[in-house]
Amino acid sequence: MKIAFSSSGDSLESPFESRFGRCRKFIVLNDADDSVEVVDNTQNLNAAQGAGIQAAQNVANAGVQCVVSGHCGPKAFMTLDAAGIKVYTCESRGSVADALDAFKKGELPQLAGADVNGHWQ
Amino acid sequence: MKVAVASGKGGTGKTTLSVALALSVEEPVSLLDCDVEEPNCHLFLPKHEPMQTREVFVPVPHIDESLCDNCGACARFCQFNAIASLGVKTLVFSDLCHSCGGCAKICPKGAITEMDKLIGKIGSFRIGELFFAGGTLDVGQPISPPLIKEVLKSVPGSRDGLVIVDSPPGTSCPMVAAVSEADFVILVTEPTPFGLHDLKIAVETIREIRKPHCVVINRCDSGDDRVEQYCDKQGIQIALKIPDSRNMAVAYSQGKTMLDAMPEMRPGLESMINNVILQQKRK
Ligand code: SF4
Ligand code: SF4
């Protein structure tokens with residue numbers, strides 16, 4: 001299974017980032033062989049609109065089954081949901097590795113819907 | 001001739017001024033409420049015949065799933081991130097769509113057709129020589145310029161004469177859409193630091209789109225003189241100053257106009273609009 005973590009850096013030691021659509025990178029862990037892959041999301045930092053949708057598309061195209069992030073807006077959730085990706089939220093201000101730990105321990109709640117409102121402009 | 005009334009922020013008295021201008025001219029005049037997210041001009045107009053309404057639609061893509069192979073070409077093409085292609089499914093977020101029509105043209109499978117989506121409505125009525133039309137954006141519709149452009153088109157072809165456009169506040173796309181066809185722009189501001197800050201941004205925007213403009217200072221006796229100094233330095237004419245008046249606040253809350261509350265403003269309004277018309281004719 002592949003799990004994507006939103007992050008501002010490009011390794012497991014990098015800070016975990018709570019924003020989904022506008023994080024710099026996704027650290028994707030494949031738990032079958034513990035391999036780590038980095039998915040770039042920087043093109044979304046300046047998107048005028050639809051950053052969450054594009055981020056969701058980026059992780060979907062990387063073949064992930066789960067996303068761990070801080071918050072997720074309605075459009076991003078809808079997109080992830082359509083791709084069959086589960087979303088877990090993590091309040092951690094630590095590293096991606098910390099978030100991964102919490103995920104493995106089953107401490108992270110799974111989102112059933114968007115937990116922040118979209119912003120239109 | 002089209003005169004747009006605009007301001008860098010809301011609550012400066014844009015609507016109050018637009019309505020007062022429309023009511024102070026004797027000739028045929030049209031008042032267009034382009035503040036489609038919060039239209040309120042009609043609340044201040046005298047009794048009128050029932051409003052005629054029409055709906056406004058924009059084309060948005062619809063994907064026929066039986067033809068689509070989720071190749072993702074449409075999602076890559078769309079500059080507005082309105083399409084997500086997920087390999088197993090392709091989603092359209094029509095509220096982000098700017099109706100450019102491009103995705104339907106480039107889809108290699110011909111899976112995309114355009115469908116009309118309702119974005120709002122336009123109401124109109126007449127009171128004597130005054131024609132009014134105003135748009136109301138549907139709740140949850142984030143993109144207003146197409147509706148604003150329709151409002152601008154709603155003056156009956158047979159009418160010429162002055163058109164006054166109450167523009168949306170701010171300086172982003174909706175405001176630019178509303179003032180884009182104007183021959184002249186009146187910027188309303190207040191003599192406060194915030195007022196000055198927003199006025200500067202509005203002036204920059206108006207200069208960029210090269211529209212002749214002047215400034216009206218509302219509640220002119222309530223703040224400091226920095227707005228005047230700024231206008232002086234920039235060579236921008238201050239066409240009118242409207243004093244702060246308790247009467248005005250009361251009138252506003254009762255749906256009455258500036259002319260009800262401050263009849264003494266009428267000559268100033270008339271001469272301002274006449275000057276604008278004269279200036280434009282001399283060109
Ligand atoms: S371009 Fe056409 S076929 Fe390709 S994903 Fe879009 S709708 Fe489907
Ligand atoms: S019509 Fe244009 S803006 Fe709308 S979804 Fe298609 S490509 Fe994007």
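Student: Hi! How much space lies in the second largest cavity?

Tutor: About 80 Å³ of space lies in the second largest cavity. Keep in mind that this is a predicted model.

Student: Which residues are closest to the centre of the second largest cavity?

Tutor: Of the 13 residues that line the second largest cavity, Cys68(B), Cys71(B), Cys74(B), Cys107(B) and Ile112(B) are closest to its centre. By class, the lining has eight nonpolar, three polar and two charged residues.

Student: What takes the space of the second largest cavity?

Tutor: Ligand 1 does: the space it takes is the second largest cavity. There are 13 residues around ligand 1, and Cys68(B), Cys71(B), Gly72(B), Cys74(B) and Cys107(B) come nearest. The shell around ligand 1 divides into eight nonpolar, three polar and two charged residues.

Student: And Cys71(B), is it buried, exposed or partly exposed?

Tutor: Cys71(B) has a relative accessible area of 36%, so it counts as partly exposed.

Student: Okay, new topic: how many cavities of 30 Å³ or more are there?

Tutor: The count comes to three cavities of 30 Å³ or more. In the largest cavity there is about 100 Å³ of space.

Student: What lines the largest cavity?

Tutor: A set of 15 residues lines the largest cavity, and Pro61(B), Cys78(B), Cys97(B), Cys100(B) and Cys103(B) lie nearest its centre. Strand β3 of chain B, residues 52-63, gives the most to this lining, with three residues. As for classes, eleven lining residues are nonpolar, three are polar and one is charged.

Student: How many charged residues are in the shell around ligand 2?

Tutor: The shell around ligand 2 has no charged residues; it divides into nine nonpolar and three polar ones.

Student: You named Ser99(B) there. Where does Ser99(B) lie?

Tutor: Ser99(B) is in the loop between β5 (90-92) and α3 (102-106) of chain B. Its phi is positive, about 55°, although Ser99(B) is not a glycine. Most residues other than glycine have a negative phi. With a relative accessible area of 25%, Ser99(B) is partly exposed.

Student: What about phi for Asn81(B)?

Tutor: Asn81(B) also has a positive phi, near 55°, in a residue other than glycine. Asn81(B) lies in the loop between α2 (73-77) and β4 (83-85) of chain B. Its relative accessible area is 11%, so Asn81(B) is buried.

Student: I saw lots of cysteines. How many disulfides are there over all chains?

Tutor: Zero disulfides over all chains. A disulfide is a covalent bond between the sulfur atoms of two cysteines. Take Cys90(A): the closest cysteine sulfur, in Cys23(A), is 13 Å from the sulfur of Cys90(A), so that is too far for a bond.

Student: Is Cys90(A) buried or exposed?

Tutor: Cys90(A) counts as buried, because its relative accessibility is 5%.

Student: Which residues lie nearest the centre of the largest pocket?

Tutor: Of the 28 residues that line the largest pocket, Gly10(B), Gly11(B), Thr12(B), Gly13(B) and Tyr252(B) lie nearest its centre. The lining divides into eleven nonpolar, eleven polar and six charged residues.

Student: Why is α1(B) said to be largely enclosed?

Tutor: Because ten of the eleven residues of α1(B) are buried, the rest of the structure largely encloses it. Among the buried ones in α1(B) are Lys14(B), Thr15(B), Leu17(B), Val19(B), Leu21(B) and Ser24(B).

Student: Last one: how far apart are Pro212(B) and Gln280(B)?

Tutor: Pro212(B) and Gln280(B) are 68 residues apart in sequence, and 9.1 Å apart in space, C-alpha to C-alpha. Pro212(B) sits in the loop between α6 (193-208) and β10 (213-218) of chain B. At 25% relative accessibility, Pro212(B) counts as partly exposed.

Student: Great, thanks!

Notes:
Residues numbered from 1 in each chain as written. Chains lettered and ligands numbered in written order. Predicted model: local features only at pLDDT ≥ 70, side-chain atom pairs only at ≥ 80, totals over all residues. Heavy atoms only, no water. 1 Å grid on protein atoms, 1.4 Å probe; cavity = no way out; pocket = protein on both sides within 12 Å on 5 of 7 lines; lining within 4 Å. Nonpolar A, V, L, I, M, F, W, Y, C, P; charged D, E, K, R; others polar. Near = heavy atom within 4 Å. Sits in = over half its atoms within 2 Å of the grid points. Disulfide = S-S within 2.5 Å. Buried < 20%, exposed > 50% of the residue type's maximum accessible area, 1.4 Å probe, protein only. Helix = DSSP H or I, 4+ residues; strand = E, 2+ residues; numbered from the N terminus. Points joined across faces, edges and corners; volume = space filled by probe spheres on them.
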